[in-house]
Amino acid sequence: MYLLKLVFRNALRHKLRTGLTLLGIVVAILAFGLLRTVVNAWYAGAESTSAARLITRNAISLVFQLPLTYQERIRKIPGVAGVSHANWFGGVYISAKNFFPQFAIEAPTYLDLYPEYILPEEEKKAFLLDRKGAIIGKKLADQFGWKVGDVVPLRGTIFPGNWSFTIRGIYHGAEQKTDTSQFFFHWYYLNETLKRTIPRRANYVGVYIVGITHPEHAAEVSQEIDNTFKNSLAETLTETEKAFQLSFVEMTEAILVAIQIVSFVIIVIIMAVMANTMAMTARERAAEYATLKALGFAPPFLAKLIFGESLAIAVLGGAVGIACTFPVANAFGNAMGALFKVFYVSWQTVATQLAAALLVGAIAAILPTWRASRVKIADGLRNIG
Amino acid sequence: MNLPNIVEIKNLSKSYRRGEQIVPVLNDISFDIPEGEFLALMGPSGSGKSTLLNLIAGIDKPDRGEIRIGGVDITALSESQLADWRAANVGFVFQFYNLIPVLTAFENVELPLLLTRLSGKQRKQHVETALSMMGLSERMHHYPSELSGGEQQRVAIARAVVSDPTILVADEPTGDLDRVAADDILNLLGRLNRELGKTIILVTHDSHAAQSARIIRHLDKGVLDANKVLT
């Protein structure tokens, strides 16, 4: 109790210095948390995947499509529980800056394979019955203020023309990490239109989503699917949904590595600032430490005093930094729109921030403690006056 | 009546290293201090009086010789044993008071008692008694910055005596005070010696301050002269 009292009074002795150090820690922990959240958001697509889903695409590239006829053949492969398909649409809503992901899906099978998209039963029914209907995620609805019944016009880029869809439902995510920034409409509507406008592009799908009965057999089922279409005009590449999503992340890996490095550099900088503060503090209190030692207090007591003060400042700064991370990340996520499918501060990020604050406090106290424990009492007492 | 010696010093030598040079400070000093004595050590700057006091108080180690306090050879103690020994046997009074500025007078005086097995209630009683002896009952919840120099030194003396140490060492306790406050402190030390039988070793270069002691010894160039008994 006495020690705690002394620790806190010492911490508040130089209010301006402590305040500025605290501010530095708050900003550093906040920036660290925000950058970690950006990295996590980049990986969110991979994190929200299911081990029970495989993605089958054209082996040459995603740009090339697969024949619709593959669906039934995939369905018959042992271990396959269900098959659906989807096409990346790539339409523009008013302006290119209003980007959000749009997919033409085979709705009934697709929704069966993605139970994490929670849609009210009546909205699901309305969507399935409306050929030009669409369902959208909650985040997307909030971003543009859309509600059920609204008509959304899209200008096709991959599939030319002006398209319009009526929103029939708004889905929520079963988990925080579920992507609710997407726009889904019927693949059959797209296909029928293509049959009329560009017949040679009809009856092709972008990817097949394959539900499997036993996730532990994903490798064997993937192999079997790819073997089925070997030496065909459109050979396939099947991988787990996670591997598929990670292949997109890998395209920007250099940026991610840079962000990660910067996030740790911030911690190293604040560690140096904090260590300097503690060294300055300990140097000023050399006579007090010598007095305490003269009175019979052993070096471990001094260590507790210095570590306590350093940790108190670091943890307080860390706590405020963590608390600030939530509203700042929220505002940042909103400002970024649909760039990040999911943008939230995970508990792992909070734990890392807390660990970083503790590490800063502990490392900053090492050198001053070592010096204080080694200072000769007679020498320390001479420092006064 | 001859009292037993509380401090016994034999062939004590101490030197400091200044760069490549070895500077002798104390040269083969031997003397004893009887229990309940009030001794003033005088000498010019650099004479080694503070070094001698530090050695007796166990905050420095000699190069050679033996220091026995209450029968304990403190030169043979390890650092941690010495820390425990100091806590139980030595009360310190410094020139610049050396109070902890973030602690009140009460909390500063309580510090040495944190190293004892006394309960919080017992500590409170001891601290209040020590502060009232110093005439500071009304000032016990003030911080050092709210006290005058004389009051701060009285708090320091209360801190030095609160754990009832074997010896009280005072290094220029009046060096930072005006004459009135200095006399006040010297009277207090005299009372502690006379009324409570405390053994006090006072280091000073001020002959007026030294007059408060019963014995004055001069130290010059590391050599101690003979006893000069004042009373």
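This is a predicted model: local features need pLDDT of at least 70, side-chain atom pairs count only at pLDDT 80 or more; totals for chains, interfaces and linings use all residues.
Q: Is Ala372(A) buried or exposed?
A: Ala372(A) sits in helix α13 (residues 347-374) of chain A; helices (H or I, at least four residues) and strands (E, at least two) are DSSP runs, numbered from the N terminus. A residue is buried if 20 or more other C-beta atoms lie within 10 Å of its own, exposed if 12 or fewer, and partly exposed in between, with C-beta atoms placed from the backbone. Because 24 other C-beta atoms lie within 10 Å of Ala372(A), this residue is buried.

Q: How many residues of helix α11 (residues 286-295) of chain A are buried?
A: The buried residues include Glu288(A), Tyr289(A) and Lys293(A). Their cover includes α12 (299-336), α13 and α14 (377-382) of chain A, together with α2 and β6 (90-93) of chain B. Helix α11(A) is thus mostly covered, and of its 10 residues the number buried is 8.

Q: Which residue with a positive phi follows α11(A)?
A: The phi in this place is near 115°. The residue that follows α11(A) is Gly296(A).

Q: How many residues of chain B are in contact with chain A?
A: On the chain A side, 19 residues take part. The largest share of the chain B side, 5 residues, comes from helix α2 (residues 79-89) of chain B. By class that side has 12 nonpolar, 3 polar and 3 charged residues, where Ala, Val, Leu, Ile, Met, Phe, Trp, Tyr, Cys and Pro count as nonpolar, Asp, Glu, Lys and Arg as charged, and the others, Gly among them, as polar. The number of chain B residues in contact with chain A is 18.

Q: Why are helices α2(A) and α10(A) described as roughly antiparallel?
A: Axes are lines fitted to C-alpha atoms, for helices over the stretch in contact, and angles run from 0 to 180 degrees between N-to-C directions. Angles under 35 degrees count as roughly parallel, over 145 as roughly antiparallel, 65 to 115 as roughly perpendicular and the rest as oblique. The axes of α2 (residues 15-47) and α10 (residues 253-284) of chain A come within 9 Å and cross at roughly 165°. That angle is why α2(A) and α10(A) are called roughly antiparallel.

Q: How many nonpolar residues does the contact of α2(A) with α10(A) have?
A: Residues making the contact include Phe32(A) and Trp42(A) of α2(A) and Ile266(A) and Met274(A) of α10(A). Alongside 5 polar and 2 charged residues, the number of nonpolar ones is 16.

Q: Which residues does Asn40(A) contact, leaving aside its neighbours within four places in sequence?
A: Asn40(A) belongs to helix α2 of chain A. With 19 C-beta neighbours inside 10 Å, Asn40(A) counts as partly exposed. Its contacts are Ser346(A) and Thr349(A).

Q: Which strands of chain B stand at the edges of the open sheet?
A: The sheet has 4 strands in the order β2-β1-β4-β5, with antiparallel pairing; two strands pair if DSSP finds at least two bridges between them. Each edge strand has a single partner, so one side of each is left without a neighbour in the sheet. The edge strands are β2 (21-34) and β5 (72-73).

Q: Which residue of β5(B) stands opposite Arg68(B)?
A: Strand β4 (residues 64-69) of chain B runs antiparallel to β5(B), and 2 bridges join them. Opposite Arg68(B) stands Asp73(B).

Q: Which residue of β9(A) is the bridge partner of Gln102(A)?
A: Strands β4 (residues 102-105) and β9 (residues 183-186) of chain A pair in the parallel sense over 4 bridges. Strand β6 (residues 133-137) of chain A pairs with β9(A) in the antiparallel sense over 3 bridges, and there Ile136(A) stands opposite Phe183(A). The partner of Gln102(A) is Phe183(A).

Q: What is the phi of Asn11(B) near?
A: Asn11(B) lies in strand β1 (residues 5-18) of chain B. With 12 C-beta neighbours inside 10 Å, Asn11(B) counts as exposed. Its phi is positive, in a residue other than glycine, and near 50°.

Definitions and conventions
Residues are numbered from 1 along each chain as its sequence is written. Chains are lettered from A and ligands numbered from 1 in the order in which they are written. Two residues are in contact if their C-beta atoms, placed from the backbone, lie within 7 Å.
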